[in-house]
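Work through the exercises below with the sequence and structure in view. Each task is followed by its solution.

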Amino acid sequence: MTISTPVPTLTLNDGHTIPQLGFGVFKVDPAETERIVTDALEAGYRHIDTAAIYGNEEGVGRALAASGISRDELFITTKLWNADQGTESAHAAIKTSLDKLGLESVNLYLIHWPTPQQDRYLESWLALEEIKAAGLTTSIGVSNFQIENLERVITGSNTVPAVNQIELHPAFAQKDVSEFARSHGIQIEAWGPLGQGKYNLLELPEIAATASAHGKSTAQVVIRWHLQTGNIVFPKSSNTARIRENFDVLDFELSADEMDAINSLDAGKRVGSHPDDVN
Ligand code: NAD
């Protein structure tokens with residue numbers, strides 16, 4: 001399946017394609033989600049990243065249904081929450097998510113966190129293989145997996161995850177996990193691509209200088225850096241102007257020197273939780 005969109009697409013290791021730029025709905029108020037996702041679809045986004053734990057799958061589903069956009073033109077991701085790790089609960093959880101979304105299947109279903117203390121992610125991964133075989137998702141992947149977690153699912157199953165969705169932005173580039181993933185054909189999805197507004201990424205002089213050189217905002221420069229790095233990215237905003245701004249990144253290109261300047265900002269600064277600490 002190939003979605004027609006001006007956004008560049010990447011090919012996953014199972015042969016399906018994914019629009020490289022999408023819209024994330026973490027912390028989007030469930031009461032506002034339908035309006036905000038409608039704004040995003042009107043701005044041109046066709047890839048939406050949600051999760052059971054965000055509590056807003058119903059709002060996403062209502063916006064998709066009201067849009068009149070054909071299902072084939074949309075790429076929808078949701079995620080298995082930590083409390084639902086395990087075979088039976090994973091099978092139940094995808095059905096609940098699909099009911100809320102009003103969809104027969106999603107494009108991508110992810111294990112949200114490895115939750116090492118529970119130590120059930122391999123069991124959950126084998127359930128995701130079954131969920132894919134049952135046609136409830138087109139592709140399967142993981143999120144917040146470290147190298148040892150990836151190695152365990154690769155050796156313990158018949159499926160290499162299509163993606164690993166990890167915290168990644170210029171101040172936290174996660175080169176080791178990214179390089180390991182890419183060497184195994186796993187695409188990298190960058191969450192917190194703008195540093196979640198918690199890190200002063202958008203005020204850094206290297207980014208500000210590049211933004212003024214291109215007549216773009218600092219957020220647009222960071223999103224462009226992700227796209228040119230090869231990351232799949234879905235910045236979040238609840239503000240219509242910013243939703244449009246974050247999509248308006250397809251008409252300029254960062255030079256090799258500009259990419260190098262942003263690459264030099266990696267400070268190992270995580271803004272979110274360490275995967276070992278989430279259970
Ligand atoms: P983000 O880096 O996209 O930051 C969003 C924040 O950046 C906004 O709340 C706003 O404060 C600011 N912002 C957005 N657009 C801006 C603009 N144009 N100019 C200035 N500031 C702007 O962080 P995020 O929402 O955490 O990450 C994106 C998506 O990644 C989420 O919505 C979700 O779908 C996904 N995610 C996944 C996980 C996971 O564990 N898998 C964790 C967090 C997020």
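**Exercise 1.** Sort the shell around the ligand by residue class.

Solution. The shell holds 11 nonpolar, 10 polar and four charged residues. Here Ala, Val, Leu, Ile, Met, Phe, Trp, Tyr, Cys and Pro count as nonpolar, Asp, Glu, Lys and Arg as charged, and the others, Gly among them, as polar. In total 25 residues surround the ligand, where a residue is near a molecule if one of its heavy atoms lies within 4 Å of it. The closest are Asp49, Ser143, Leu194, Gln196 and Asn246. Helix H9 (residues 240-247) gives the most to this shell, with three residues; helices (H or I, at least four residues) and strands (E, at least two) are DSSP runs, numbered from the N terminus.

The model is predicted: local features need pLDDT of at least 70, side-chain atom pairs count only at pLDDT 80 or more, and totals for chains, interfaces and linings use all residues. Residues are numbered from 1 along each chain as its sequence is written, and side-chain values use heavy atoms, with hydrogens and water left out.

**Exercise 2.** Find the distances from polar side-chain atoms of His112 and Arg242 to the ligand.

Solution. Start with His112: a polar side-chain atom lies 3.4 Å from an oxygen atom of the ligand. Then take the cover: alone, the ligand exposes 830 Å², and the protein buries 89% of that (Shrake-Rupley method, 1.4 Å probe).

**Exercise 3.** Give the strand order of the open sheet and name its edge strands.

Solution. Two strands pair if DSSP finds at least two bridges between them. The order of the eight strands is E3-E4-E5-E6-E7-E8-E9-E10, with parallel pairing. Strand E3 (23-24) and strand E10 (232-233) are the edges, as each pairs on one side only.

Conventions: A polar contact is a pair of N or O atoms within 3.5 Å; within protein, one must be able to donate a hydrogen and the other to accept it, and residues adjacent in sequence count only if both atoms are side-chain atoms.
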